[in-house]
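Me: Could you take me through one part of this structure slowly? I would like a close look at the place where the two chains meet.

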Amino acid sequence: MEPGGTSNALSQLRRGALEYCVLALLEQKERYGFELVRSLSSVDGLVTSEGTIYPLLTRLRKEELVTTFWEESASGPPRRYYRLTDTGAEALAVFADQWARFRDAVDALLTSGGRHDHDAA
Amino acid sequence: MTTMQRDPLVDDYLRRLETAAADLPQERRGELVTEIEEHIEAALREGGAGDEAAVRNVLERLGPPEEIAVEAGAGTSGPVRGRLETGAMVVLALSFALPFVGYLVGAGLVLASKAWDGHEKAIALLIPPFVVVVGGLVVLAGAASVAEGESFDSGLGPVEVAVLMASALSGLLSAAYLSHRLRQPRTV
């Protein structure tokens, strides 16, 4: 257990960022569920339980940030593919912009500047 | 659907998911279980080997079924109707048998429950007083007009009877509303 709820803060951050990671992956190309899940979980530290991505995909579909369609597969049953909608692309663009600012601000405080000033005080 | 003999571990996992997702709407629950089932099949097909170690690995990566169900919104609807909620609704519904006291006890139980939010509690608890007050005003107006006609006898007229009935049944109305709200899926 990390001090001061670090673990909870990180899991909240991860949760919030994850849906935009899904949108970002879909911006490149349409993908089916399993493919999306494995792409996300191959990134270290992003996904702890693969199964929780499916409810997330359902939410994105309800919010009309993605649409789905079925396609036959050569090796098994038909697959449900996910595609980014225009709304989804807009949401992703807004997030990407805000995220960059947020990340830079936090980085600036965490690295030399903010922390050393604090230590010196 | 597939010819693959399903591993008992997978069956067990899907059953746990089904149980954990029990309070989701049926359609949503079915969809979730199907998606996870398809994921397991795809993962095993991709992995080649369908031995126990492979199955365990796939299920481990998926994470606890309870966590998936929570992510899908299960368990956010507050406690499903328990003894407290049932008691509260029964007392309110039967409060005509013990006017006022019945209502107060029912109100106490409703307030103690976490199954309804503040808004729902307020509506439910305001229904009986509202009906009684409005009913009282109707009776007063009726009595006044009857008195003018000088045919007023001290017995209960049809208006008074109706008001008494309404007051008695207002607890029932309140209980019905609470019961209805319990059945609504919550969005958090």
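Reply: Here is a walk through the contact between the chains.

This is a predicted model, in which local features need pLDDT of at least 70 and side-chain atom pairs count only at pLDDT 80 or more, while totals for chains, interfaces and linings use all residues. Residues are numbered from 1 along each chain as its sequence is written, chains are lettered from A and ligands numbered from 1 in the order in which they are written, and side-chain values use heavy atoms, with hydrogens and water left out.

Let's start with who takes part. Chain A brings 23 residues to the contact and chain B brings 20 residues, where contact means heavy atoms within 4.5 Å. Together the chains bury about 1800 Å², and carbon and sulfur atoms give 50% of that; buried area is the accessible area (1.4 Å probe) that two parts lose on being put together, summed over both. Phe34(A), Tyr54(A) and Pro55(A) supply 28% of the area that chain A buries against chain B, more than any other three residues.

Now for the charges. Six salt bridges link chain A and chain B, each a side-chain nitrogen of Lys or Arg within 4 Å of a carboxyl oxygen of Asp or Glu. One of them pairs Arg61(B) with Glu50(A), whose closest N and O atoms are 2.8 Å apart.

Which elements of chain A supply at least two residues each to the side that touches chain B? They are helix H2 (33–41), helix H3 (53–62) and strand E3 (76–84); helices (H or I, at least four residues) and strands (E, at least two) are DSSP runs, numbered from the N terminus. H3(A) gives the largest share, six residues.
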